[in-house]
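This report covers the overall make-up of a single protein chain and then two local sites.

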Amino acid sequence: MSIKAPRKGENYELSVDLNSEYREKRKDAIKRVIASMTVDVSGLFPDVLKNMQTDDLEQKKLVYLYLMNYAKTQPELVILAVNTFVKDSDDPNPLVRALAIRTMGVLRAEKIIDYLCDPLQKCLRDENPYVRKTAALCVAKLYDLKPELVIDNGFLEQLHEMIADSNPMVVANTVAALTDIHIAASSQPSISPNDPALFPISSSILTKLLIALNECSEWGRVAILNALARYVAKDDKESEHICERVVPQFQHVNGSVVLAAVKVIMIHMRGVRREDLIKQLVRKMAPPLVTLLSSPPEVQWVALRNINLLLQKRPDILSNEMRVFFCKYNDPLYVKVEKLDIMVRLAGENNVDALLSELKEYASEVDVDFVRKSIKAIGQTAIKIDAAAERCVHVLLDLIDTRVSYVVQEAVVVMKDIFRKYPSTYEGIIPTLCANLDELDEPEAKASLIWIIGEYANKIDNADELLGIFVDTFTEESYPVQLQTLTAVVKLFLKKPDSSQGIVQRILNTATKDCDSPDVRDRAYIYWRLLSTDPGAAKVLDSILPLGPLSYRCRCILAAVVLAQRPPISIPRTTVAPALLEELLGEVSSLASVYHKPEETFVGKGRVGAESLQRKTDAPDDRFSTQKALQTVAAGQQAENLLDFDDAPAVEGRPSGLAATEVLSHTPAAANLLAGTSSNPLDDLVSIFGAPATPAPPSANSHDIFGGLGVNSAFSSGGTGSLGSPAVQSPSVAVPPLQKNQQPEDDLLGLF
């Protein structure tokens, strides 16, 4: 006869205590179960369920808490708790009634939903406001589970009636529930404008919301303010009335209420016509925003992101409050960066001296990232305020004198932008910049100094020596530095052709033979081709561009590409598009205003997840991209010359553009690509390239990309001129020669 081993373990001991005849022992066991919920204690579900029927409110709360966590794991046993829930919904104690209806709404168990309707009906009409406000939120939870049940039982009509409730908290929770239902219903693709789940705000509802606004808790105020933000005012008088009733919320201690009030004011200020009232509202908006900066760092950052957005719409809100944005020594980096951005936005001629003094102090900090951003802010200030540019340059020179590597390099990058904004104004500091050449080891700083040397090569006596340093290490530099060096040497040659012929020949040889970047090689080939001489054409253009021994193509590149006038740079007033800015202002105090992105980009609506939303938006683009790829293939099969970019008329009887894809779509591979059913898109695309195509007759009007400059002859070793040309074969590309009756002026126009 076998003897059973004794049952041991913590769960067994808890089970024994939960079934104890002593009430205190059972209550203590429930507390231990709640404390152990970090591990799996779902096996105790029946034992805990037995302790629901009790007059001890604390024990009842603990049991309900356990049920909320483990109802999904024991859906069959949850039905046993229905009788207790229904009984508790009729309990004399309003706390028990509210607790029962709240727990039933949170359980989210299919089998218990049908039993929820009758208790919910009674609680929505309960005499106690605490029960009514709890039941209002329960309707929103029930709608998320079973929308048709809410509509069929008339819960929505009851919620609309509760907006006129005498208790402001009931009104606030009702508005929150109706708003959640409205958002969930709006996310459905086939929603009718007359759907009962929608929550349009009328004038009568507006009056009730404004009455309840001042008597709610902060949660209720935020819900009501968000509803007011959705209201569309009928005229300017109504907009003024809303703004005047909402302005007192600026004095609330809760930051979320303040930002929600700012959102309502910014939205309804659009309908205000009185300039004096607009100025008054803007002036009243500043103190509460400044107060938010005394919050903890995380709240500060949220406030700063929203302030940044508000300043893009109304720069005058905090025009006299720059000093409150000065960085503190213990501010985290993310707060300091936002403050720097806002300080640059608030910079003006009246406060630029204080700003520059502060930024200069920041440049001596130990945080390298913060120092770089501070120096960049000095450059942005110089570009934004013309009158302060000279003072900014002096501050940058003082920073360069510190000989700190990362400070010098960031200052050189900033100086390049200042030269772009104010050309030929601060040429006197170029020797100082060139003297720090050895300090530069970052690609961006090197490229910036190379650009400055190339731009002012005619005013720098030893420009060829300075650029020669970078030419010697050309193959070791990063690609941006190589591209900038190549262009700067060509600029030097155009400005000093007699003394720089050797260096340009050397860099073109290196770039075309030893460089492994296709971008650098292609640019070198183009420069080499354009710098090749053409004495006949040069004589024609002597009267237009009298540049002595420079070639015709040299004149072309000088006039059109390398030495072209660049548009002046400026600091953009907004970082987002105007339409998006208006949308984000309607989302102030939400994640959209923190990310400066619409909510659809990072979260789905209702039951639609962000990933499925992304797939839905990408589907049309994928098909359009496939069709464009087929169009390119069709055009390539009909093209005589891959370098022919002219808009030559289509050959009669042969489709072109998107129509050409119809011809290709008859092939199985193209049909699969267009339908999105291709198992191997790469192989299908290759098979389309291999399809036979009827060769198109040569067009008499077509030119090559260089306007008939003879690319083959330029890239062959037999090219004439002082520079010579690299020996590069160009098979299968037929370039028409220059016709006898074609004038060099026409050839110049063809280049552009």
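How much accessible surface does the protein chain have, and what share of that surface belongs to carbon and sulfur atoms? The accessible surface comes to about 38,000 Å², and carbon and sulfur atoms hold 53% of that area (Shrake-Rupley method, 1.4 Å probe; for residues, only the protein chains shown count as cover).

The model is predicted: local features need pLDDT of at least 70, side-chain atom pairs count only at pLDDT 80 or more, and totals for chains, interfaces and linings use all residues. Residues are numbered from 1 along each chain as its sequence is written, and side-chain values use heavy atoms, without hydrogens and water.

Average pLDDT (the predictor's confidence in each residue, from 0 to 100) is 79 for the protein chain, with 75% of the residues at 70 or above.

The protein chain has 40 helices and zero strands (DSSP runs, H or I of at least four residues and E of at least two, numbered from the N terminus). Of its 752 residues, 46% are buried (under 20% relative accessible area; exposed is over 50%, partly exposed in between).

Lys263 lies in helix 17 (residues 255-268). Beyond four places in sequence, its contacts include Asn226, Ala229 and Glu587.

Ile79 sits in the loop between helix 5 (75-78) and helix 6 (82-88). Ile79 counts as partly exposed because its relative accessibility is 31%.

Note on methods
Buried < 20%, exposed > 50% of the residue type's maximum accessible area, 1.4 Å probe, protein only. Contact = heavy atoms within 4.5 Å.
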